[in-house]
Amino acid sequence: MLRTHTCGELRKEQGGQTVTVCGWVDSRRDHGGLVFIDLRDRYGKIQVVFDPQVSKDQVLHDAAGSLRNEDVLRVTGEVTLRGAKDINPKLPTGEIDIHAVTLEVLNRSKTPPFEPSTLNPPNEELRLKYRFVDLRRPRLQELVHFRHRLTKLIRDYFDREGFLDIETPMLGRSTPEGARDYLVPSRVHEGCFYALPQSPQIYKQILMVAGYDRYMQIARCFRDEDLRADRQPEFTQVDVEMAFVEREDILQVIDGLIIFAMKELRGEDYPPVTRLTYRDAMERYGSDKPDLRYGMELKDLGDIAANCGFGVFKNTLGAGGRVRGLCAPQAAAKYSRKNIDELTTFVADYKAKGLAFFRVTDTGLDSPIAKFFNETEQRAIIERFDAKAGDLIFCVADQPKVTSAALGALRGRLGKELKLFDPNQMHFAWLLDFPLFAWNEEEIRWDAEHHPFCNPHPDDVAFFETDPGQIRANSYDLIINGYEAASGSVRIHDPAVQQKVFDLLGINPEQAEARFGFLLEALRYGAPPHAGVALGLDRWVMLFTGCDNIRDVIAFPKTQKASDLLTGAPAAVDDKQLRELNIKVAPSGK
RNA sequence: GGCUCCGUAGCUCAGUUGGUUUAGAGCGUCGGCCUGUCACGCCGAAGGUCACGGGUUCAAGUCCCGCCGGAGUCGCCA
């Protein structure tokens, strides 16, 4: 070891000891005579003092004067207690110094593009290009450390519950459903490709058939789709599957993990996890991933608006649409007409053709369209929302789906703008009973909402012939603070049910065999009832740490265009490599 | 693929309705001074293809079009 102690661990108890520490120059304060260096490692900072009267060494003193930020040092010296007036209460090591006797410059640093100690980090492009500097920042070190603690805790938990950690291949077979695959060409098999896993879904089901009835893996997954603040092209799932279980068993295992994590990481006793159905969520919050840290629920105004004088509402209702709204508490004074116009543009992104609003006053409703509502109707609207003077009611009249999407998004935006929740709170909720199928307007057919192996709710099997849209899936999503943080389902293990699903999806037996034959074959060799779930680890870390994007909790993330600014990936490769793979690039001409 | 925002010194930013000789400030960098600082201080200096390419104009950092990069979002993500 080049050191006897880390920079962060020394305290006054080590006073008088001669120690050797290594680290980076965080800052230097050169007084001509005295030179102070703050030496930093990931455990903290310690002040090193170069005092010519103590060392009586001109060479050492000159060397100290030549130091620059981010130089890497090895320093030996005596731990000394500071005088009372020199104590720095801002640092855990602020009661001591190291008086340097020897200094070894292990490496010089170029002037960094920004200081790790900066209070005001630069733009993300620069941070990603110089990620090795960015990762020195205490905040990022904290996030990296937190991620380690969470993954350790997750492994400990599943180990204690009897789960086996089993690795599955990264080089797999492309299956046509789902997200776009990242492909890897085969050198040995001309014209053939592996696909990187979108998730270990099929392998874990096969593991159930193979008898490993409690499986978990912290698995890297790849999806070649467009990115968001909470989506990276490669991300990490905590993948879980269990055999001989029902939905309830999966929920309880994850509930146990939530309670364990909240206790260990935050010292909180987390109450039973909220559960609500997809139908309730859409009705009350307009979203299948509502932030439940606050209320501001959506209300239906169809009965009140049915006979009102406002043509837009009446006509929409007449055409099979809905009139729904929400009430933003004490927002009337905070949103000018211009702000509301901006919100109207915002909901237009969700296909809403308009956004009606009412300011609630002591006497009734104030709005350009208030005149179309008589006193009884105005009172009914106020009662529906239990509105108070100063509140601001927004309404959308449109097709049912549009009212949900627009008001759900508006609720999310207003919740943030009005600060309706404690940003440090963690709220977990299970969303249950998603529809099994979604009608695809463009392709004029049914699509699987989750995946084609998701078991239908046992009570709904009769709907296969009558109304497939009514069939509930035996599936579940875990929502944390408005983010989908886990998703799973009970799988189909009955070939007859699987056949029904394929039939409805328009996948004939030959196609099913061609696409998923290996899984279907496995399921014919004694598949136990099984169910599973996958947690989005990056999102969990993001939410636990209060970050607003997942790049900050990934050591080496990619940009929105899936580039790695540190390494320059993706990049062109040598012709020789392409020739070996029998690949020719055909430029798109763009 | 659509929409929106951003790009001025190494970094963070200012730069007015397009108009004042040489585009400014703070931090950082470089040089000098400084023995208790800890965001050390003081003095001085260097540092700019205003992302890039067109256009409008007597005049463009500023307006318009395109393009590159970054971010947010809709579509997409079983």
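Helices (H or I, at least four residues) and strands (E, at least two) are DSSP runs, numbered from the N terminus. The largest share, four residues, comes from E1.

A word on the source. This is a predicted model, in which local features need pLDDT of at least 70 and side-chain atom pairs count only at pLDDT 80 or more, while totals for chains, interfaces and linings use all residues. Residues are numbered from 1 along each chain as its sequence is written, chains are lettered from A and ligands numbered from 1 in the order in which they are written, and side-chain values use heavy atoms, with hydrogens and water left out.

Back to the RNA. How many residues surround RNA strand B? There are 51, and the closest are Arg29, Asp86, Asp97, Glu125 and His450. Of the atoms of RNA strand B that come within 4 Å of the protein, 52% belong to sugar and phosphate. By class, the surface has 11 nonpolar, 18 polar and 22 charged residues; Asp, Glu, Lys and Arg count as charged, Ala, Val, Leu, Ile, Met, Phe, Trp, Tyr, Cys and Pro as nonpolar, and the others, Gly among them, as polar.

An N or O atom in the side chain of Arg29 is 2.6 Å from a base oxygen of RNA strand B, and one in the side chain of Asp97 is 2.6 Å from a base nitrogen. At Glu449, a backbone N or O atom lies 2.9 Å from a sugar or linking oxygen of the RNA strand.

Next, the sheet. Eight strands form an open, mixed sheet in the order E6-E9-E10-E22-E21-E20-E17-E11; strands pair if DSSP finds at least two bridges between them. The edge strands are E6 (164-165) and E11 (274-277), each pairing on one side only. E11 runs parallel to strand E17 (residues 428-432), joined by four bridges. In that pair, Leu276 stands opposite Leu431 of E17.

Last, Arg293, in the loop between helix H8 and strand E12 (299-300). Is Arg293 buried or exposed? Arg293 is buried, because its relative accessible area is 14%; buried means under 20%, exposed over 50%, and partly exposed in between (1.4 Å probe, protein chains only).

Conventions
A residue is near a molecule or strand if one of its heavy atoms lies within 4 Å of it. A polar contact is a pair of N or O atoms within 3.5 Å; within protein, one must be able to donate a hydrogen and the other to accept it, and residues adjacent in sequence count only if both atoms are side-chain atoms.
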